[in-house]
Amino acid sequence: MTAVTLVGAGPSAPAARVPLVGRPAVTARGGMLAPTRGPHGPKSALRVVGAGPSAPAARVPLVGRPAATARGGMLAPTRGPHGPKSALRLAEVGPRLVEVRCHLLKDNDVRARGLRARLRGAGVRCVSLVASPGAGKTALLEAVLAQCGERRVAALVGDLATDHDAARLARAGPGAFVRQINTGTLCHLEARMVESALEGCDLQQLDLLLIENVGNLVCPAAYDLGEDLRLVLASVTEGEDKPLKYPTIFNTADAAVITKLDLAAAAGCDLALLRSNIEAVRPGMAVYEVSSRTGAGMAALLQRMAEG
Ligand SMILES: Nc1nc2c(ncn2[C@@H]2O[C@H](COP(=O)(O)OP(=O)(O)OP(=O)(O)O)[C@@H](O)[C@H]2O)c(=O)[nH]1
Ligand SMILES: [Mg+2]
């Protein structure tokens, strides 16, 4: 059994060991959310301290109710990712620990729901990208911005540090409203960050909002950003098994995009296998194959981004 130590409840807080227990839950998009156990940022409230036969016996079961998401689905009690403000008070260990976690997710869902309504009310279509670091998210958005023509576009991009990606996007779309979101230690974007980044942006003047999430195949899955369409990218250089290893991120997306198509042969990528692995974890999900470098496949993807 895996044991975890709760930390971060204050300098003098004692450690408490709890077993990880949880059930997968069905998401609004029809996929399954598995109980996750990380990764955790530097200030994560949960830290694995032992596993296997010699691990200390667990005393407090970590069980709780699934929470409803903004999209109407259910989220299992997850244990990661945790942000800088996710310290859980030890006084609340036990069932109440899960209550706190549910509350955090609910707050994001409420915000995301409001954001989605605001964007739709203003006629703004919102598309977000999730993928591993270096999968080609920014390159794809650069290609989209370059082809947006008369469309009025905003682009928000999340990274732990630097404004490199925002600089690239601003160059690709000189007229676009572009903002970098630096998350510090946080491995995903949240709806409140999108709200803040949009301050000063007149939504009535926008047609399309693009959001690049932090490069991560785990954490962004749990956070609704108010988008209409979530694309999960898998590059040909990452290995065909990524959908099998990280099913949740595929289950919480609306469509998949295989990127860096021009490198497929050089990388020895078996495209049919990658496609079938996506199909295995998310039957019926649309899969687009693109190269931001050559422009191959971009027309079909742009059409999907425009339509939903
Ligand atoms: N050949 C080729 N290279 C690509 C393509 N798309 C992205 N790249 C390269 O892959 C590297 C990573 O691309 P990015 O767009 O920065 O990836 P990212 O997902 O935004 O990375 P992070 O924001 O750091 O998570 C860069 O060197 C890109 O030039 C593509 O379609 N073909
Ligand atoms: Mg990027």
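You're looking at a chain with nine helices and 14 strands, and the model is a predicted one. Of its 308 residues, 45% count as buried.

**Overall fold**
- Take the contacts between residues at least 6 apart in sequence: 77% of them join residues at least 24 apart.

**Around ligand 1**
- There are 18 residues around ligand 1, and the ones that come nearest are Gly136, Thr138, Ala139, Gly215 and Arg293.
- Helix α2, which covers residues 137-146, gives the most to this shell, with three residues.
- Sorted by class, the shell has seven polar, six charged and five nonpolar residues.

**How α2 sits against α3**
- Two packed helices are described by the angle between their axes and the distance between the axes.
- For α2 and helix α3 (residues 164-172), the axes come within 8 Å and cross at roughly 20°.
- Angles under 35 degrees count as roughly parallel, so α2 is roughly parallel to α3.
- The crossing of these two helices, α2 and α3, is right-handed.
- On the α2 side, the contact is made by Thr138, Leu141, Glu142, Leu145 and Ala146; α3 brings Asp165, Arg168, Leu169 and Ala172.
- By class, that α2 to α3 contact has five nonpolar, three charged and one polar residue.

**Where the two topics meet**
- Thr138 turns up in both places: it is among the residues that come nearest to ligand 1, and Thr138 of α2 also takes part in the contact with α3.

Definitions and conventions
Residues are numbered from 1 along each chain as its sequence is written. Chains are lettered from A and ligands numbered from 1 in the order in which they are written. This is a predicted model: local features need pLDDT of at least 70, side-chain atom pairs count only at pLDDT 80 or more; totals for chains, interfaces and linings use all residues. A residue is near a molecule or strand if its C-beta atom, placed from the backbone, lies within 6 Å of it. Helices (H or I, at least four residues) and strands (E, at least two) are DSSP runs, numbered from the N terminus. Ala, Val, Leu, Ile, Met, Phe, Trp, Tyr, Cys and Pro count as nonpolar, Asp, Glu, Lys and Arg as charged, and the others, Gly among them, as polar. A residue is buried if 20 or more other C-beta atoms lie within 10 Å of its own, exposed if 12 or fewer, and partly exposed in between; C-beta atoms are placed from the backbone. Two residues are in contact if their C-beta atoms, placed from the backbone, lie within 7 Å. Axes are lines fitted to C-alpha atoms, for helices over the stretch in contact, and angles run from 0 to 180 degrees between N-to-C directions. Angles under 35 degrees count as roughly parallel, over 145 as roughly antiparallel, 65 to 115 as roughly perpendicular and the rest as oblique. A crossing is left-handed if the near helix is turned anticlockwise from the far one by less than a right angle, and right-handed if clockwise.
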